[in-house]
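Keep the structure open as you read.

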Amino acid sequence: MTDRSTTCCIAGGGPAGMMLGFLLARAGVEVLVLEKHADFFRDFRGDTIHPSTQEIMNDLGLLDEFLELPHNKLTELVGDIDGQPYRLVDFTRLPTRSKFMAMMPQWDFLSFLARKASAYPAFNLALETEATGFIEAGGRVTGVTADTPDGPLEITADLVVLAAGRNSSLKDALKLEADEFGVPFDVTWFRLPKRTEALPSLGRLGDGHLLVTIDRGEYWQAGLLIGKGTFDAIKAQGLEAFRAQIVRIAPFMKASVEDLEGWEDVKLLSVQVDRLRRWYRPGLLCIGDSAHAMSPAGGVGVNFAVADAVAAANQLARPLARRNLSADDLAAVQKRREPPVRLMQAVQVRQGALFGNVDSPWTRRIFKLISVAAPLRHAMGRAVGLGFRPEHVQTPDAGTTPTSGA
C-alpha cells in the first residue's frame with residue numbers, strides 16, 4: 001500500500017469530475033481525478049452538449065476551439081410521428097452565443113477537458129485507477145483507497161468528491177438516503193450503419209413505440225424505449241422480432257437492421273431518476289449522477305453534471321485554496337443546485353409517463369400542439385437548452401505556472 005495526498009480528490013472522470021478538476025486546478029487548487037478506465041472511450045454515453053454548457057466553455061475562452069471538434073449542430077429538435085415531422089424544441093431565440101445543441105461524442109468532450117486541464121500544474125489525472133472505499137477519521141471523510149495497475153493506493157485529501165456515476169458501489173457505501181422516482185421505461189441502445197438518408201429527427205414515434213435516432217454521419221446511434229424490466233422478455237421473442245420492431249417505426253432502417261447480429265450488439269440502459277436527500281458529509285461531496293440520476297429525456301444529464309461542477313468550483317475553490325473548507329461550504333453547493341435539479345426531475349417524471357404510453361392520443365396531441373405554437377417551441381428551447389439555473393464560471397485563472405495558493 002502506497003500513500004498519496006492532495007487537496008481535492010475526485011472519484012470519477014466523467015463530465016462532472018473532469019469539469020470540476022479542470023476548474024479547481026485552473027484556480028490553483030491541487031486536484032487528483034481518478035478514472036478507472038484507461039481512456040474516455042465508451043459508447044452510448046450522453047453526448048448532447050447544450051447551449052448552457054457551451055456558454056461555460058465561452059466563459060473559459062474555449063468555445064471556438066471546442067467547436068472545432070467534430071459535432072453536429074441542432075438548432076431545433078424534431079419529433080416524427082408515423083413519418084410526419086413535428087418541430088418541438090427551438091434554440092434559435094436563446095440569449096446565448098451558441099443557439100444550438102452540439103451532438104458530440106462524450107469521449108471527445110472529456111478528452112478536450114483533460115488536455116486543457118493538463119496545462120495547469122495543479123491538475124493530476126490518474127487513469128486505470130478506481131476508488132474502492134473511503135478513509136474516515138473523527139467522523140470525517142479524509143480520503144479514499146484505490147486500485148491501480150501498480151497495486152493498492154491510499155489517497156488523503158481535504159475534500160473527496162464523488163462523481164462516479166449512478167451505479168457506483170462507492171455511492172452505496174455511503175448509505176446516504178435517497179428519494180427514487182418511478183420511470184416506466186428503459187432504453188436499448190445500438191448502432192446501425194447509415195445506408196439510407198432520412199429526415200432529421202431525434203425521436204420517431206410509431207407502432208406504439210418511440211425510437212431515438214442520433215445521426216452520427218456514417219451510422220445511426222439508436223435507442224428503442226421499452227417497458228421497464230421487459231428486456232428479458234424481448235430477448236426471449238428473438239432478435240428477428242426486435243429488428244422487425246425497429247423497421248416498423250423507422251422503415252428507412254430496413255437496409256441496416258441485419259447488422260444487429262446478436263444481443264451483444266444491444267446495450268440496456270436501466271433508466272432511473274433519483275436524488276440524494278443530502279449530497280455531502282464532512283470531507284465529502286456528491287455531484288452529477290452520484291447526487292441525482294437523471295432520465296435521458298431531453299439529454300440534460302451531462303449538462304446538469306457540468307453545472308454542478310461549475311457551482312461546486314465557484315463555492316469551494318477559495319476555501320480549498322485556504323485549507324479551511326467547512327461543511328457549510330458543501331451545504332451551499334447543494335442549496336444552489338438542488339432546486340433546478342428538483343424541477344427538472346419533476347418534468348422528467350412527467351415526460352416518463354408520456355413516453356411510457358406513446359400510443360396515447362394525448363401524446364400525439366401534445367406533439368402537434370407544440371409544433372404549431374412557436375412560443376411553446378421557444379419555451380421548450382429555454383428549458384432544454386439552459387435548464388432552470390444556468391451556471392457561469394466565477395473562479396479565477398491562476399495561470400499555467402506553479403502558484404503559491406490564494
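## A hairpin to start with

In the hairpin of E9 and E10, two residues sit between the strands, and Gly 138 takes a positive phi near 60° there. Strand E9 covers residues 130–137 and strand E10 covers residues 140–148, and they pair in the antiparallel sense over seven bridges.

A quick word on terms: helices (H or I, at least four residues) and strands (E, at least two) are DSSP runs, numbered from the N terminus. Two strands pair if DSSP finds at least two bridges between them.

## What you're looking at

This is a predicted model, in which local features need pLDDT of at least 70 and side-chain atom pairs count only at pLDDT 80 or more, while totals for chains, interfaces and linings use all residues. Residues are numbered from 1 along each chain as its sequence is written, and side-chain values use heavy atoms, with hydrogens and water left out.

## Two open sheets

Seven strands make up an open sheet, ordered E6-E5-E14-E15-E16-E13-E17, with mixed pairing. At its edges are strand E6 (84–90) and strand E17 (267–269), each pairing on one side only. From one strand to the next, the twist averages 25°. Inside this order, strand E5 (residues 76–81) pairs with strand E14 (residues 203–206) in the parallel sense over three bridges, and Asp 80 stands opposite Arg 204 in E14.

Another open sheet has three strands, in the order E12-E18-E21, and its pairing is antiparallel. Here the edge strands are E12 (178–181) and E21 (292–293). Four bridges join E12 to E18 (residues 273–276), with Ala 178 opposite Leu 276 in E18.

Helix H2 (residues 51–59) packs against helix H8 (residues 301–322) at an angle of about 35°, with their axes 9 Å apart. Axes are lines fitted to C-alpha atoms, for helices over the stretch in contact, and angles run from 0 to 180 degrees between N-to-C directions. H2 passes H8 in a left-handed crossing, that is, the near helix is turned anticlockwise from the far one by less than a right angle.

Ser 52, Thr 53 and Ile 56 of H2 meet Asn 303, Val 306 and Val 310 of H8 in this contact (heavy atoms within 4.5 Å). By class, that gives three nonpolar, three polar and no charged residues. Ala, Val, Leu, Ile, Met, Phe, Trp, Tyr, Cys and Pro count as nonpolar, Asp, Glu, Lys and Arg as charged, and the others, Gly among them, as polar.

How many cavities of 30 Å³ or more does the structure hold? There are two. A cavity is a set of points on a 1 Å grid over the protein atoms alone where a 1.4 Å probe fits but cannot get out, and lining residues have an atom within 4 Å of a point. Grid points are joined across faces, edges and corners, and a volume is the space filled by probe spheres set on the points.

The largest cavity has about 110 Å³ of space. It is lined by 16 residues, and the closest to its centre are Ser 52, Phe 304, Ala 307, Leu 386 and Gly 387. H2, H8, helix H9 (327–355) and helix H11 (374–386) each give two or more residues to this lining, which divides into eight nonpolar, five polar and three charged residues.

Key. On a 1 Å grid over the protein atoms alone, a cavity is a set of points where a 1.4 Å probe fits but cannot get out, and a pocket is an open set with protein on both sides within 12 Å along at least five of seven lines; lining residues have an atom within 4 Å of a point.
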